[in-house]
Amino acid sequence: MDTQENLARQLNALPQEWQQWLEENLERGCHPNDLVRILRREGLIDLDKNVAPQTSLEPQHYHQLEQIALEKQEQLSSAFNPQQKKWLAQAVLNGADQTYIYQSLQQQGLSEIDIALELVQLKQHPYFQIAQEQHFLVQKRNWLLHTLDHFARLNPDYQSLSRIALPSFAQFIQAYYSRNLAVVLTGSIDHWPALHKWSPQYFKKTVGNQEIEVQFNREQDPLFERNSVQHKTKMLMREFVDLIEHTPHSNNFYMTANNAKASQSSLAALFQDIDHFHGYTDHRQVYDRSFIWFGPKGAFTPLHHDLTNNILVQIYGRKKVTLIPALQVANLYNDVAVFSKVANPYQPDITESFPDFALSSKIECILEPGEALFIPLGWWHCVESLDISISVSFTHFNIDNTGAESFPTSSYS
């Protein structure tokens, strides 16, 4: 069966409410491909499955089966394995057609009465009833985010990155901070001694004999950023500088924000080269809320979002930053905490594994020395060093920057 015929059969088998949703959105002018992606995300269609023609039975038939199962459930036992139970629960949550559910499970050797019994017990279970309530809330919030993102794309500043001369703090708050919009600020650190002094050799000369903490052996671990604690290594700054200068390209070692606390006292002399940021920050907190990033060409931070508003200041070398607006979280395959399953958005054929990622809008920025990038809370981003790179990030704005405190923790395992 070809793909178009397969798709047509699955669309015809959609539950009535989803068929109505499809018709309404087509009438509103939504692109069919976008609607198909949503249906795939909801688990209502599967273009990889060769679906055989199905004969839809009357709903009364399934109702009678479930009545029999209800009456005899004390005499029957479940024939489902855990994976089949999960599949059934997801199918019911997604509103899958009864014919599709029964015939899919019958192909796995389950009888109609087995399936009816499992459906009865599933719908009666208080855990599943809670799951239904939460599923609706998630779907509603995803709808709201998708809709707000749809209209936000009408604003050119939302899908591109402006480079502007540093505005007043009040103008910055009104135009960007409060609106959750990223922007590059130019001319903001011309007065910093760091901009004119910092280099690998300056670090070696100034704090070369100080012990620092870095991330090491990252290339051996695909989840190196999530497992950053396991990669902490201590060494002298001069040894780290030599390693960087003699390595043309690597993601194996990097001094990151995660190493800031351990390296803080060692790098105190460098913080004297960081001056004020034009009233945007409480400069008294510069030691506690500023973080130095230092690594070779090729150092890479995978796709994630932060729990605060941040400014990333480029001091030495260049960085490529790819940003995706926070409203597009439903397309980002959020995995654990702040990380996406899409570690590198430039990986070849990434949308084959993560089709909804195609709905996101990537905004690319080459950050030059002396430029400052405002990364709003929740904006997804990955960062690659295009040269040996030294940067500073900070979060100590003279205004509310809460968020991390209320971020939910998960006990799911």
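Me: What does the side chain of Ser 340 have a polar atom lying 2.5 Å from?
Reply: That's the backbone oxygen of Leu 332. A polar contact here is a pair of N or O atoms within 3.5 Å; within protein, one must be able to donate a hydrogen and the other to accept it, and residues adjacent in sequence count only if both atoms are side-chain atoms.

Me: Before I go on, what am I looking at?
Reply: It's a predicted model, where local features need pLDDT of at least 70 and side-chain atom pairs count only at pLDDT 80 or more, while totals for chains, interfaces and linings use all residues. Residues are numbered from 1 along each chain as its sequence is written, and side-chain values use heavy atoms, with hydrogens and water left out.

Me: OK. Is Ser 340 buried or exposed?
Reply: Buried, at a relative accessible area of 2%. The cut-offs are under 20% for buried, over 50% for exposed and partly exposed in between, with a 1.4 Å probe and protein chains only.

Me: Which residues does Ser 340 touch?
Reply: Not counting residues up to four places away in sequence, Ser 340 touches Arg 226, Leu 303, Leu 332, Tyr 333, Asn 334, Asp 335 and Trp 380. Contact means heavy atoms within 4.5 Å.

Me: Switching to charges. How many salt bridges in the whole structure?
Reply: The search finds 10, each being a side-chain nitrogen of Lys or Arg within 4 Å of a carboxyl oxygen of Asp or Glu. One of them joins Glu 371 and Arg 163, 3.0 Å from N to O.

Me: Where do Glu 371 and Arg 163 sit?
Reply: Glu 371 is in the loop between β10 (363–367) and β11 (372–375) and Arg 163 is in strand β1 (residues 163–165), so the pair ties together parts 208 residues apart in sequence. Strands are DSSP runs of E, at least two residues, numbered from the N terminus. Glu 371 is buried at 11%, whereas Arg 163 is partly exposed at 42%.

Me: And domains? How many salt bridges are there between domain 1 and domain 3?
Reply: The count is 0. By class, the side of domain 1 that touches domain 3 has no nonpolar, no polar and 4 charged residues, where charged covers Asp, Glu, Lys and Arg, nonpolar covers Ala, Val, Leu, Ile, Met, Phe, Trp, Tyr, Cys and Pro, and polar is the others, Gly among them. The bounds, 3–42 for domain 1 and 161–406 for domain 3, come from an automatic or database domain assignment.

Me: How far apart are their C-alpha centres?
Reply: For domain 1 and domain 3, 41 Å.

Technical notes. Helix = DSSP H or I, 4+ residues; strand = E, 2+ residues; numbered from the N terminus.
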